[in-house]
Amino acid sequence: EVTEEASVGTDGGRWSHTPDLGIFHAQTDVHGNVVVPEDRIRAALVYAADPERMRRELDLALGQAWDDELEPLRHAGAGAGESAPNVDPYTGLTVRHLKGRYKLQDFSILRTLGTGSFGRVHLVRSVHNQRFYAIKVLRKQHVVKMKQVEHVNNEHLVLSMIRHPFLVNLWGTFQDPTFLYLVMDFVPGGELFSLLRQSRRFPPKVAKFYISEVALAIDFLHMHNIIYRDLKPENILIGADGHLKLIDFGFAKVTAQTNGMCWTLCGTPDYLAPEVIRAKGYNASVDWWSVGVLLFEMLAGYPPFYTEDGNPIKLYEKIIAGHVNYPSFFEPGAKDLLQSLLTADLSKRFGNLHRGSRDIFAHMWFAEIDWECLYRKEIPAPYIPNINMDGDASKFERYPENDLSEYERPDAPDEYPHLFPDF
């Protein structure tokens, strides 16, 4: 039953009733934040005519904080007819139920942020709370044609489990007969790649800050038996606060089922470890090799195995040969760390030894880093992007826009109805 009565706490805030939903909305500011003094108790008794739509709107309106608070309550009745948390046995992480959480009509599509082989990423705005998100749209036919079904489903699985300050958050997924949709954070500062090209190279302290946040993100994935496999500046975005977010988990994979081993040749050529190129099997230490390549590129302005003609065969030969020319301006500590990451000898590569990632975090070059403060984003970022307003996408390149009407064909035949069951 829909009621217009509400039990409101001592905040004295105004609440408005939405008849078709049967829910109440708190007064909000221009950013969609509830206007309630933090030192006041606040509560509302909410009755919903449409519980599913209410949950979707609250998810969008209150964001991740709401999701984190609600998660324990969703499972409080486990054992009494309600489902218990779905903890993945291979990662130890809770798999969030994101399937069908939203629909395209929940958003207004504003512009394209990027394009790829299987689709594109759009900047969108919620029609409910006016907040901005990024929606990754993948065309099913292209995914199948390029034999990427497993990778796409792996990406969905990994994103549905991970929560970390330096990893992009997935809010929900849905699909129609033609496309797959992933609703994620909009990270407005643009690619680290763009900033690096503008700067040519980073000063050591700047490179140290960025590689430290990347290392925390990679270590989190490894602790939960997830290999990333596609580290590069293009897959790192800068938030409005200057802190980083890793994106694009298309090559990420849970490796516990295969004893931590992988055999697929995938990734970006400049960042491939020698054992990946040799196709003899590899483990998560390939990510630490890529961390070394990224650090080198940030300090030097070019990757360690750069080839002027872009010939991939020459590039692979240089990677396998393993000879790195370190510029004279590299700090001794940075060079020492890089030599321990960019080694083909797995018995010497940091991140693959008995102490695991502790060899990296305890290295002398990171002596000044307080890792706990960094994790909590208490260390100021060296660069704060100039963001004029919410939804400012000026840090991203412009792309030709596609015909949005192709997203509005719910009656089209679905040629692959069983390939993406979790979307």
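For the classes used on this tour, Ala, Val, Leu, Ile, Met, Phe, Trp, Tyr, Cys and Pro count as nonpolar, Asp, Glu, Lys and Arg as charged, and the others, Gly among them, as polar. The model is a predicted one, and a search of the whole structure turns up two cavities of 30 Å³ or more.

Begin by selecting Arg-229, Cys-266, Tyr-271, Leu-272 and Ser-290, which, of the 15 residues lining the largest cavity, lie nearest its centre. The space inside this cavity comes to about 90 Å³, and its lining is made up of eight nonpolar, four polar and three charged residues. Helix α7, residues 285-300, gives the most to that lining, with three residues.

Next, select Ile-211, Ala-215, Val-291, Leu-295, Leu-337, Leu-341, Ile-360 and Phe-366, which line the second largest cavity. Two or more residues of this lining come from each of α5 (204-223), α7 and α9 (332-341). About 30 Å³ of space lies here, and the lining has eight nonpolar residues, with no polar and no charged ones.

Now turn to the largest nonpolar core, which has 97 residues and in which Ile-162 and Phe-249 have the most contacts. Helix α5 supplies the largest share of this core, 12 residues. Centre the view on Phe-249 and, leaving aside residues up to four places away in sequence, show those that Phe-249 touches: Glu-155, Val-158, Leu-159, Ile-162, Leu-167, Val-168, Leu-221 and Tyr-228.

Finally, select Leu-104, Phe-107, Trp-171 and Phe-174, which are among the 13 residues of another core, lying apart from the largest one.

Technical notes. Residues numbered from 1 in each chain as written. Predicted model: local features only at pLDDT ≥ 70, side-chain atom pairs only at ≥ 80, totals over all residues. Heavy atoms only, no water. 1 Å grid on protein atoms, 1.4 Å probe; cavity = no way out; pocket = protein on both sides within 12 Å on 5 of 7 lines; lining within 4 Å. Points joined across faces, edges and corners; volume = space filled by probe spheres on them. Helix = DSSP H or I, 4+ residues; strand = E, 2+ residues; numbered from the N terminus. Core = buried A, V, L, I, M, F, W, Y, C linked by side-chain atoms within 4.5 Å. Buried < 20%, exposed > 50% of the residue type's maximum accessible area, 1.4 Å probe, protein only. Contact = heavy atoms within 4.5 Å.
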